[in-house]
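Student: I would like to learn how to read the contacts of a ligand and the arrangement of a sheet. Please begin with the ligand.

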Amino acid sequence: MNTHYLTTSRTNPQFYIFRQLFCNDLDWEHCDWEGIQNVAWEDFWQREGHEILEQKWHKRFPEYRDLIDVVSSEEQGLWQELWEKHARDSSTKFWYIFICAFENYQHDLAKSFGLHEDKNPEDVEEDLQNLSLQKNPTKSKQQRTSKKEDELYLTANDNPEDCDEEQQLRLFGLPTAFASKADTITRKERRTQYKPSSSDSEDSEELVIMENGENEARHVVQSGFIKKSNRRQRKIKKCKAKMPEFMQEDNNKMVKYWIKRFSLFSRFDQGIRLDRESWFSVTPEKIAKQTARRLACDVIIDAFCGCGGNAIQFANTCGRVIAVDIDAKKLAMAKHNAGIYGVAHKIEFINADFLQFAATTKLRPNVVFLSPPWGGPDYQKQATFDIETSLLPVGASNLMLLSRRLASDVAFFLPRNANMKQVVALSGAGQQCEVEHNYLDTRMVALTAYYGKGIIKPSLGEDE
Ligand code: MGP
Ligand code: SAH
């Protein structure tokens, strides 16, 4: 298919995680969808809600900082009311985006288990309505009925600040009379008091509209199909002018990675170094942080550390990080990048083939983390990615066997289209694994599978 959809890409996307325990095939009927959804929303809003509210507030009312100390107490009360409304409205907007991600999660999961979910776009919309949301009036009936299976993927323009007020309201399926919008949505009340999160310091709000010929079907932006434009060409040209020379070849293929550079490393501008392979392999910072929170321990081995996306975050949560890579140049970059995050001294960099290293080392870490090569961006060409035949340097079972020689707790970073039956089978007979599906905005980036009693979290509802 050669149609082109435009996608909006933000450099500081929202990060949603849907997690679930598996011990065999997906039992769709007995999945606790509501529980998964609630936990994921709570988790997201606690992690990012405070920062989102603050950012949007200061953007909307830049005068607030100067005024608040000098206004009368009566005016302070009005500001307080305005803040509360802002918090309510913002959580409503982000709830909507979250729901799109959750719908996509269900769809992605069914697909990765080989289940054919016969939902058409109308059903998906109906589900959204059942979650007490209104239909999005910007999508025409024709658009809805002409979508192919893959295009069920829901996206939302999640940067309301970039639209005018009326556009925003339409986008979220809300009436355009401002005062009544919060009342229209009868979703469950959500908490709007959060712990501040230690999120990325830079938030370049650069919004770039780009065309993606390879994955067009997954990138349908609800606001519509936009024709190729000179504007787009100009933006790409502007981007390319800033990119390192080695990224300029390849007919614009590397532009999308450049655009998301701050999502890969929030400190990108402080001199982060990446080679070509690492540009498309590095784990985005928000995901790496989450994995590091989950795998906090005394000693961890990052078996395929590349330019350090994961290793840097492990250094913040683990006592000792052993970072292995077969490519000495990447290791040097990883060390340099770790210096930018002030954690180089906490990481031991080992230039080795992990297969040999694992077979011979006397080290016994608490956890082994595996993020092997998936064969480049072409991994997406397989409808279902075979983790036994397509991972490098060897299949998943072999990597698991080698890793389990070192530790019983092993985590695997895998493609979003990984065959889930194979992912679950890696647990071993009668054992469980926990899988986190990682979404940046409404799109799944990849999944993280956890094996071993020491790192699996109890299932929803059980005590943690
Ligand atoms: P992607 O699919 O290339 O990016 O990789 P995106 O933006 O989802 O692609 P699009 O074409 O759909 O727009 C998604 C993420 O997977 C990357 O950010 C990396 O973290 C991870 N990743 C991709 N590859 C090819 C590899 C790989 O070979 N090894 C590892 N460990 N991670 C990879
Ligand atoms: N998680 C990393 C990216 C890993 S990409 C990050 O976030 O930055 C996969 C890495 O595996 C590449 O850097 C590649 O050099 C390395 N690699 C490939 N074969 C290997 C092997 N046999 N042993 C160790 N590393 C290997």
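Tutor: A polar contact is a pair of N or O atoms within 3.5 Å; within protein, one must be able to donate a hydrogen and the other to accept it, and residues adjacent in sequence count only if both atoms are side-chain atoms. In this case, a backbone N or O atom of phenylalanine 354 is 2.8 Å from a nitrogen atom of ligand 2. The model is predicted: local features need pLDDT of at least 70, side-chain atom pairs count only at pLDDT 80 or more, and totals for chains, interfaces and linings use all residues. Residues are numbered from 1 along each chain as its sequence is written, chains are lettered from A and ligands numbered from 1 in the order in which they are written, and side-chain values use heavy atoms, with hydrogens and water left out.

Student: Which backbone atoms lie 3.0 Å from an oxygen atom of ligand 2?

Tutor: One is a polar backbone atom of threonine 283; another is a backbone N or O atom of glycine 309.

Student: How much of the accessible area of ligand 2 does the protein cover?

Tutor: Accessible areas come from the Shrake-Rupley method with a 1.4 Å probe; for residues, only the protein chains shown count as cover. Ligand 2 has 580 Å² on its own, and the protein covers 94% of that area.

Student: Which residues come nearest to ligand 2?

Tutor: A residue is near a molecule if one of its heavy atoms lies within 4 Å of it. Of the 22 residues around ligand 2, the nearest are Asn310, Asp325, Asp353, Phe354 and Ser371.

Student: In what order do the strands of the open sheet lie?

Tutor: Helices (H or I, at least four residues) and strands (E, at least two) are DSSP runs, numbered from the N terminus. Two strands pair if DSSP finds at least two bridges between them. Here 8 strands follow the order β2-β9-β10-β8-β7-β4-β5-β6, with mixed pairing. At the edges are β2 (15-22) and β6 (347-351), each pairing on one side only. Within the sheet, β7 (367-370) and β8 (409-415) pair in the parallel sense over 4 bridges, and valine 368 has valine 410 as its bridge partner in β8.

Student: Which loops hold proline 393 and aspartate 441?

Tutor: Proline 393 lies between β7 and α16 (396-406), and a cis peptide bond with omega of about -5 degrees joins leucine 392 to proline 393. Aspartate 441 is in the loop between β9 and β10; although not a glycine, aspartate 441 has a positive phi of about 55 degrees.
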